[in-house]
Amino acid sequence: RSCIDAYDNYESYISWAKPLHWLWRKALRSADLITAAGPGLALLMAGEDVNRRTAVVPMAADPTGFEPKDKIKCRELLQLPVGSALVGFCAAMHRTRGVDVLFDAIPLVQTKRPDVRFIHSGRTWSDIPLPETITSLGFIDDDKVPALLNSMDVLVVTNRASAFGNYSYPVKLYEAMSCGVPVVVTRTLATEWILDCHPECLVEPGDARKLADAILGALSRPGIDYENVPTWTSSCDLFERALLDSCT
């Protein structure tokens, strides 16, 4: 017996590698169970086989560290400015993620809120010239990531409505939600599902003005109360149940 699990649309990684796509689809057809990070991806993996056994096992933050913490102490730990409003982007700076829209939104935000600073952590690709308005920390130690997220007033998660973006379930989004950090997220098939109870957090892809307005709106609102954020325990329970059900 076999189970195939995925958290992205892997065919979008190397779109021209058709033989690999055929092998992937063959493996999916032969699996006894398909599990995916969201319902859209599960349907994509199942293809035209409506009887294919599938289950959704959501992404979740690591079970230690990702919880609300004192913002001032977290900023002091990472030597981030205490008196500024901080907006974070914690992912690879890559054009496939729609970062150009974020770059265009930054001056629109700072025109109205000069006190806002933008902080980045993660890899920056060589073809992405970072604007001076972003402070990049590069890679930071894993055990400091919860402190970084808790330092933020808002976390921005950008993407595109593409073969990748529509089936991308960013773990940083789940980590921020676990920490109770307000988020502003590009609307895709995947993020609509994740933030079903918080549509105010979603912004249409490719629109810098709307992204800036959403960031300013999130900064002006009090904290957000997410409900039923997936955990490792809850996702493990779903996975175990799906495995047991596949044996019946």
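Biologist: What is the relative accessible area of Y13?

Modeller: The model is a predicted one, in which local features need pLDDT of at least 70 and side-chain atom pairs count only at pLDDT 80 or more, while totals for chains, interfaces and linings use all residues. Residues are numbered from 1 along each chain as its sequence is written, and side-chain values use heavy atoms, leaving out hydrogens and water. A residue is called buried under 20% relative accessible area, exposed over 50% and partly exposed in between (1.4 Å probe, protein chains only). Y13 has a value of 45%, so this residue is partly exposed.

Biologist: What are the relative accessible areas of Y10 and W24?

Modeller: Y10 has 27% and is partly exposed; W24, at 21%, is also partly exposed.

Biologist: Why is the pair of Y13 and F164 called tilted?

Modeller: Their ring centres are 6.3 Å apart and their planes stand at 45 degrees, so the pair is tilted. Y13 belongs to the loop between β1 and α1, and F164 to the loop between β7 (154-157) and α6 (171-178), so this pair ties together parts 151 residues apart in sequence. F164 is buried, at 17%. Y7, Y10, Y13, W24 and F164 form one aromatic cluster.

Biologist: How many disulfides does a search of the whole structure find?

Modeller: A disulfide is a pair of cysteine sulfur atoms within 2.5 Å. The search finds 0. For C74, the closest cysteine sulfur, in C179, is 8.3 Å away, too far for a bond. C74 is buried, at 5% relative accessibility. C247 is in no disulfide either, as the nearest cysteine sulfur, that of C3, is 10 Å away.

Biologist: Which residues does S151 touch?

Modeller: Contact means heavy atoms within 4.5 Å. Leaving aside residues up to four places away in sequence, S151 touches K71, C74, R75, L78, L80 and L86. S151 is in helix α5 (residues 145-151) and is buried, with a relative accessible area of 0%.

Biologist: Which strands pair with β7?

Modeller: Two strands pair if DSSP finds at least two bridges between them. Strand β4 (residues 85-90) runs parallel to β7, joined by 2 bridges, and G88 has L155 as its bridge partner in β7. Strand β8 (residues 183-186) pairs with β7 in the parallel sense over 3 bridges; there, V184 is the bridge partner of V156.

Biologist: Which side chains cover the faces of β7?

Modeller: V154 and V156 on one side and L155 and V157 on the other are all buried, and both faces are covered.

Note on methods. Rings of Phe, Tyr and Trp (its six-membered ring) pair if their centres lie within 6.5 Å; planes under 30 degrees apart count as stacked, over 60 as edge-to-face and the rest as tilted. Helices (H or I, at least four residues) and strands (E, at least two) are DSSP runs, numbered from the N terminus.
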